[in-house]
Amino acid sequence: MDVVGLYHNPPEKAVVLCVDEKSQIQALDRSSPVLPMMPGMPERRTHDYLRHGITTLFAAFNIADGTVIGEIHRQHRAVEFKKFLVTIDKTVPDGLDIHLVCDNYGTHKTPAIKAWLGRHPRVRLHFTPTGSSWINQVERWFGFLTDQMIRRGAHKSVQALEKDIRSWIEHWNDDPKPFVWKKTAEEILDSLARYLQRI
């Protein structure tokens, strides 16, 4: 599989970024976001909240060093994805090819995106198989963001939520942590084959 090969044997003079969008992030104002934990008790939150709108985070996770390029947009369309591609292209130093691991979402395959890619040959998309977005490492990073910041926070506005997301990314990039694949390519492919047989 193309994606597993990129993880295990990234090309020279290139950067591999796992890219995806976390859409519909809600700015929730809870009366008490996280209640203090008592010994032996799980973390709890109050059930009451007010919704103040939503936002979308576009993120690119660097598999080599764990750094993240992030960009926030209020909508989740090909227009915003193209803007994020421009940001990635400007951020990655010249002289490096850019390999982007992403899912098969239609936004990633529109004629406008294909035309942009045609004008930027150093950027190449590698799609995860349908139903296998879990193999995209940025999904694990979204899990950290959700568990450590979004679920624990209270935000009285979308702007406050977006500010906290940007701060969280900056803090992450101060001490980034790449993810280490423990399984061999064969073990991953066997697991994927078993899953595909079931579905």
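Predicted model: local features only at pLDDT ≥ 70, side-chain atom pairs only at ≥ 80, totals over all residues.

Lys-13 is placed in the loop between H1 and E1, and with a relative accessibility of 68% this residue counts as exposed. Although Lys-13 is not a glycine, its phi is positive, at about 55 degrees.

**Overall organisation**

- The secondary structure of the protein chain amounts to 6 helices and 5 strands, and along the sequence these elements follow the pattern α-β-β-β-α-β-α-β-α-α-α.
- The protein chain has 199 residues, of which 41% count as buried, while its accessible surface comes to about 11,200 Å², with 54% of that surface belonging to carbon and sulfur atoms.

**Nonpolar cores**

- The largest nonpolar core holds 29 residues, and the members that touch the most other members are Leu-57, Trp-141, Leu-145 and Ile-165.
- At least two residues of this core are supplied by each of helix H1 (2-8), strand E1 (14-30), strand E2 (49-62), strand E3 (68-73), helix H4 (137-150) and helix H5 (158-174).

**The parallel pair E4 and E5**

- Strand E4, which covers residues 97-102, pairs with strand E5, which covers residues 123-127, in the parallel sense and over 5 bridges.
- Together with helix H3 (residues 111-119), strands E4 and E5 make a right-handed β-α-β unit.
- Within this pairing, Ile-98 has Val-123 in E5 as its bridge partner, and His-99 stands opposite Arg-124, also in E5.
- Strand E4 is largely enclosed by the rest of the structure, because 5 of its 6 residues are buried.
- In a regular strand, the side chains alternate between the two faces of the sheet.

**His-126 in strand E5**

- His-126 lies in strand E5 and, with a relative accessible area of 10%, is buried because this value falls under 20%.
- The side chain of His-126 makes a polar contact with the side chain of His-99, at 2.8 Å.
- When neighbours within four places in sequence are left aside, His-126 is in contact with Asp-2, Val-3 and Leu-6, as well as with His-99, Leu-100, Val-101 and Cys-102.

- A polar atom of the Arg-122 side chain lies 2.9 Å from the backbone oxygen of Pro-93.
- Apart from neighbours within four places in sequence, the residues in contact with Arg-122 are Asp-89, Val-92, Pro-93, Asp-94, Gly-95, Leu-96, Asp-97 and Ile-98.

**Ile-113 in helix H3**

- Ile-113 is found in helix H3 and is buried, with a relative accessible area of 0%.
- Not counting residues up to four places away in sequence, Ile-113 touches Ala-78, Phe-81, Lys-82 and Leu-85, and also Thr-107 and His-108.
- Ala-78 and Ile-113 are 35 residues apart along the chain, and their C-alpha atoms are separated by 7.1 Å.

**Thr-87 in helix H2**

- Thr-87 has its place in helix H2, which spans residues 78-91.
- The relative accessibility of Thr-87 is 22%, which lies between the 20% and 50% limits, so this residue counts as partly exposed.
- Leaving out residues up to four places away in sequence, Thr-87 touches Ile-69 and Glu-71.
- The C-alpha atoms of Thr-87 and Gly-70 are separated by 9.0 Å, and these two residues are 17 residues apart along the chain.

Note on methods
Residues numbered from 1 in each chain as written. Heavy atoms only, no water. Pairing = 2+ DSSP bridges. Helix = DSSP H or I, 4+ residues; strand = E, 2+ residues; numbered from the N terminus. Right-handed = clockwise from strand over helix to strand, strands pointing away. Polar contact = N/O pair within 3.5 Å; in protein donor to acceptor, adjacent residues only side chain to side chain. Contact = heavy atoms within 4.5 Å. Buried < 20%, exposed > 50% of the residue type's maximum accessible area, 1.4 Å probe, protein only. Areas by Shrake-Rupley, 256 points an atom, 1.4 Å probe, with all protein chains shown as cover. Core = buried A, V, L, I, M, F, W, Y, C linked by side-chain atoms within 4.5 Å.
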